[in-house]
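Have the structure open while reading.

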Amino acid sequence: MVGKRKRDAAVVSRATTTSEDESTPQPTADASYQDVFRKFFEAQFQPLEVAKLPIARDDESEEESDDEDLEGSGSDAEWGGVSDEEVNEVEVVEHQDVKEQEMDKHARKVFMSSKPPSSVERPAVKRSKKDKDAEDKDNVTDADNLKNDLALQRLLKESHLLESASELAPTGKNRIKALDLRMQELGAKASLYKQNMPSSHRRGIQAKADTREDKRRREARESGIILEKPAPKSSNTSAKRRERGVGGPSIGKFAGGALNLSKRDVAAIQGPRRSTKTRGRGRGRGRGGR
Amino acid sequence: MASTSQPPLRFTGHKNLVYRLVFSTLTGRTIQISQIRPSSPTNPGLAPHEISFLRLLDAITNGSQMEISYTGTILVYKPGLITGSASGTGASGGVIRHELPSGCSRGVSYFLIPLCLLAPFSKSPFKVVFSGPGVITSSTPNGDMSVDSVRTAILPLYNQFGIFNNIELRILRRSNPGPNGRGGGGEVQLVFGHQLRLPKTLHLMNPGRIKKVRGVAYAVGVSASNNARMIETARGVLNPLVPDTYVFSDVSSAPFVPAPEKTNPSGKKKIGLGFGLSLVAESSTGCLFSADVASPPAGGEAPEDIGKRCAYQLLETISKGGCVAPAGVATMLGLMTMGSEDVGRIQVGRDVIADESTIQLARDLTKFGAPGWGLRDASGENENGDVIISVVGRGIGNVGRKVA
């Protein structure tokens with residue numbers, strides 16, 4: 001029916017421009033009235049300037065409605081059509097920008113959240129395919145660079161483990177050592193080499209190592225070989241004052257809602273003993289009894 | 001705090017009571033406020049909202065003492081430490097629930113803005129839920145801004161002092177003022193999780209130009225078309241001036257609060273119907289100006305009028321110039337005063353500083369021992385006659401965070 005309507009409009013416009021055309025019967029009543037009046041008028045006075053605007057607008061609106069139909073089937077038959085009386089009514093076509101609505105939704109989400117809106121609103125950026133490709137390429141080179149960087153860092157850190165420059169990847173014992181180093185760096189709690197064993201064993205091992213070292217040094221001294229200086233003895237860490245948390249007791253241990261004082265703590269509180277005979281003995285006995 | 005030896009500072013009158021209490025808490029000075037509405041024949045002494053604020057202060061601090069005289073016209077406040085909503089003091093489960101009485105005629109922003117000023121100096125994060133039959137989230141006829149404006153125009157100001165993490169203002173239920181402008185039924189939660197030792201020194205001397213306008217139109221228990229009508233007229237005024245204008249619409253049902261009667265003890269009623277508009281303009285340098293208009297409790301005003309009034313109010317606020325709107329002056333200058341011992345500068349409009357409340361704020365701050373403000377005319381092309389205020393920080397900051 002759209003097509004038909006269009007034909008109507010075309011006929012009307014032709015009728016208005018060429019007023020001599022009389023033979024064609026006017027399809028619509030309205031148009032024929034107007035035509036008759038116009039002809040009468042033009043017979044009396046000079047020809048009228050035809051106002052083209054309403055017709056043009058009619059065409060426009062029709063075209064727009066056509067466009068709307070296009071996304072459907074676009075066929076004439078499907079559209080039920082408007083009756084001829086409706087032709088004169090104003091067709092309102094509203095354009096709603098889908099993109100704008102989406103932006104609106106995003107902005108609403110940002111603005112109406114419970115957080116104070118930040119001054120910088122980041123619009124949702126849609127990347128084009130071209131950009132994506134370029135970025136992928138960038139990513140590949142980035143990954144390569146990262147890999148090389150990591151290898152270099154490792155080499156710098158673990159080079160002391162390597163015996164020759166020919167083999168860059170450590171093997172065997174050295175590989176374990178390197179792994180241990182890396183794990184330590186990443187925050188492992190204990191070294192791989194730290195073994196859980198009875199303290200008597202550990203002390204035994206330590207003592208054995210000491211005697212061996214002693215023997216080596218002694219023999220070297222006797223045979224006149226100059227050795228490296230002995231490593232400085234690590235100060236005994238347990239003798240140092242332990243770092244305590246804030247709010248803990250300055251003396252004793254707080255456990256189970258009670259402050260537990262060790263003998264040493266008590267002694268520290270009491271201070272150096274004075275040698276008044278009776279008291280000292282009394283206290284000593286008391287402590288012994290415990 | 002170390003206020004044992006110092007005599008209390010003496011103030012008179014009920015004006016600026018809230019900020020006096022806030023600065024007393026921040027500086028740790030005891031204050032005595034006398035002559036609180038002494039000549040009012042019907043309601044002498046402290047008003048319900050002021051009492052409620054004192055209760056709130058009591059909940060968020062530890063060890064504060066307040067004495068109110070028999071008639072309520074004299075108040076002695078000895079501040080404690082700002083602890084925030086650490087469990088054990090006034091909080092349950094890390095959240096302080098604060099009930100506002102039904103006679104409260106002030107919007108909840110009356111409590112929120114001073115509370116936010118205290119929050120950065122707290123020992124632990126703030127989580128406060130305002131509930132009860134007196135919570136009005138909209139703007140009120142006595143000049144309180146809406147909760148939306150607090151969120152969009154006041155809270156972003158803290159960003160300039162380096163306070164930005166974990167700040168939220170959730171509007172759980174909206175409410176306009178109830179009958180006669182008293183009571184409501186809203187619910188608002190404030191989360192202020194960024195505590196720091198000292199706020200940054202601020203130098204804000206470029207007002208910039210208005211870049212965008214955002215807003216919220218809210219309708220509580222009335223038709224959403226009111227929102228559309230307000231937005232339409234407001235945009236009609238603002239769009240030719242700022243093309244980037246968006247006003248969002250929020251429609252909610254009216255709060256349904258218990259209203260027991262003799263015959264019907266489990267009766268409930270709807271309260272706080274109405275609508276309103278909150279607009280916020282942001283300049284290119286991040287300065288914020290806000291405007292708020294809501295339907296009067298008596299009704300009888302068309303949404304178009306409210307939209308237009310709000311738009312004009314926004315334009316008026318912007319026309320006052322400077323980097324800070326009158327609504328944000330107390331927050332900005334308060335934070336600058338509490339900052340490190342350094343000179344911060346801020347440009348304000350001449351009308352803003354000539355405001356009664358700003359001058360009162362300056363007087364109160366000097367009384368609390370802050371050095372006076374330095375004023376000079378702004379340089380550059382200064383067609384509005386803006387003034388630059390130089391504020392020296394006191395370097396007190398967060399006493400609760402002093403000990404590492």
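## Two packed helices

A crossing of two helices is called right-handed if the near helix is turned clockwise from the far one by less than a right angle, and left-handed if it is turned anticlockwise. In this predicted model, H2(B) passes H3(B) in a right-handed crossing.

Which residues of H2(B) and H3(B) meet? H2(B) contributes B:His49, B:Phe53, B:Leu56 and B:Ile60, and H3(B) contributes B:Tyr110, B:Phe111, B:Leu115 and B:Leu118. Sorted by class, this contact has 7 nonpolar residues, 1 polar residue and no charged ones.

## An open sheet

In chain B, 4 strands make an open sheet with mixed pairing, in the order E11-E18-E20-E19. Strand E11 (203–204) and strand E19 (374–377) of chain B are the edge strands, each pairing on one side only.

E19(B) runs antiparallel to strand E20 (residues 387–392) of chain B, and 4 bridges join the two. B:Gly374 has B:Ser390 in E20(B) as its bridge partner. Helix H7 (residues 329–338) of chain B packs on the sheet and touches strand E18 (343–348) and E20 of chain B. The direction of H7 makes about 165° with that of E18(B).

## Confidence

The average pLDDT of chain B is 90, and 96% of the residues score at least 70. The model has an ipTM of 0.76 and a pTM of 0.63. Where pLDDT is low, predicted coordinates should not be read in detail.

Note on methods
Residues are numbered from 1 along each chain as its sequence is written. Chains are lettered from A and ligands numbered from 1 in the order in which they are written. This is a predicted model: local features need pLDDT of at least 70, side-chain atom pairs count only at pLDDT 80 or more; totals for chains, interfaces and linings use all residues. Two residues are in contact if their C-beta atoms, placed from the backbone, lie within 7 Å. Ala, Val, Leu, Ile, Met, Phe, Trp, Tyr, Cys and Pro count as nonpolar, Asp, Glu, Lys and Arg as charged, and the others, Gly among them, as polar. pLDDT is the predictor's confidence in each residue, from 0 to 100. Two strands pair if DSSP finds at least two bridges between them. Axes are lines fitted to C-alpha atoms, for helices over the stretch in contact, and angles run from 0 to 180 degrees between N-to-C directions.
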